[in-house]
Amino acid sequence: MRLPDLRPWAALLLADSALLWLLQGPLEALLPRGLPGLWLEGILRLGGLWWLLRLGGLLGYVRTLLCPLCLVIPFFLSLRALVPGALSAPPARVASAPWSWLLLGSGAAGLSWAVWAVLSPPGAQEKKEDQENNRALMWRLLKLSWPDWPFLAAAFFFLVLAVLGETLIPYYSGLVIDILGGDFDPDAFVSAILFMSLFSVGSSLSAGCRGSAFTLVMSRINLRVREQLFSSLLHQDLAFFQETKTGELNSRLSSDTKLMSLWLPLNANVLLRSLVKVLGLFGFMLSLSPRLTLLSLLQMPLTIAAEKVYNARHLVHPCG
């Protein structure tokens, strides 16, 4: 029976011990106090471990463990600070914390890594390798889209406005319902209706401008890709056209270029919209009720795990 390779784990343990010694000694005076210093310590620890393990060629197997290992304690103490009175004293540094905290953080990180590995579908490693192989093509497409960055910036600006409007509309709708259900205040009612109308109109106009900007970017990328492909075809010799079918060339010029031009606008639209919406909603929830925000954050790992199990079973048994 083949024994597991212990070199990545030994290297991780030695590198983490060295970084904790540096953060406890020479670098301790440079870090700020409180939660910002705790997060900065975790980020420095994560970057140092990533660089050292990558330098030694041992990053591949323990890559997914580094983020939970370095950031689980700052994340826990940040959530604990949201509860009033729960964190009376400023949080200590991980480097100077007792060994029980280090063991607790390592155990939580190892448990989350093991659960994530168990919930992963059987073909996850092959899909990951395919994604790494396609990364070079992704960077080439991003470089090809660089001339359109002003239009992308405008699309992102209107996207932020649209998402902020979508976030504030339910708040003012609830405010109108509260006013109608309690003591009626005409001035507050008119103000709430006015703001709700303004945010509705502004969100709709911003969403339209966002879609128009992304459509313009898609058209410009499509035109640029077709021009470069056609220019490349014109520089080919006669043997290339004798070996390649005309229908294949037409397919490259029509359907394949269209698919390439759709990749950046659609994915950027979905990614940025989801990111801004999540940050805006959680910021808004945090300002209203930190405890309810903490409760919603605690159920997120269960939701992610359930979705991961469902997706794995759905892909393996699509007809089940």
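1. Let me start with a definition: a salt bridge here is a side-chain nitrogen of Lys or Arg within 4 Å of a carboxyl oxygen of Asp or Glu. By that rule, the side chains of Arg273 and Glu166 meet in a salt bridge, at 3.1 Å from N to O. This pair links distant parts of the chain, with Arg273 in helix α10 (residues 246-288) and Glu166 in helix α7, 107 residues apart.

2. A word on the basis of these notes. The model is predicted, so local features need pLDDT of at least 70 and side-chain atom pairs count only at pLDDT 80 or more, while totals for chains, interfaces and linings use all residues. Residues are numbered from 1 along each chain as its sequence is written, and side-chain values use heavy atoms, with hydrogens and water left out.

3. Now the overall fold. The protein has 12 helices and zero strands; these are DSSP runs numbered from the N terminus, helices being H or I with at least four residues and strands E with at least two.

4. How much of the protein is buried? Of its 320 residues, 24% count as buried, meaning under 20% relative accessible area, with exposed over 50% and partly exposed in between (1.4 Å probe, protein chains only). The accessible surface comes to about 21300 Å², and 69% of that belongs to carbon and sulfur atoms. Areas come from the Shrake-Rupley method with a 1.4 Å probe; for residues, only the protein chains shown count as cover.

5. Back to the charged pairs, of which a search of the whole structure finds four. Glu166 also forms a salt bridge with Lys277, where the closest N and O atoms are 3.9 Å apart. Lys277 lies in helix α10 and Glu166 in helix α7, 111 residues apart. Lys277 counts as partly exposed because its relative accessibility is 29%. Arg273 is partly exposed too, at 28%, as is Glu166 at 27%.

6. Arg224 forms a salt bridge with Asp148, the closest N and O atoms being 3.0 Å apart. Arg224 sits in helix α8 (residues 186-234) and Asp148 in the loop between α6 (135-144) and α7 (149-181), 76 residues apart. Both Arg224 and Asp148 are buried.

7. On the surface, Trp21, Leu22, Leu27 and Leu30 form a nonpolar patch with about 430 Å² of accessible area together. Patches are made of residues with over 30% relative accessible area and no salt bridge; like charges are joined within 9 Å, and nonpolar side chains (Val, Leu, Ile, Met, Phe, Trp, Tyr) within 5 Å. Leu27 is in the loop between α1 (7-24) and α2 (34-55), and it counts as partly exposed because its relative accessibility is 34%.

8. Finally, the record. An unreviewed UniProt entry places the feature "transmembrane region" at residues 65-87, 99-119, 149-172 and 192-217; positions are in the numbering used here, feature names are shortened, and annotations may be inferred rather than shown by experiment. In the model, residues 149-172 are 100% helix and 0% strand, with end C-alpha atoms 35 Å apart. Residues 192-217 are likewise 100% helix and 0% strand, and their end C-alpha atoms are 37 Å apart.
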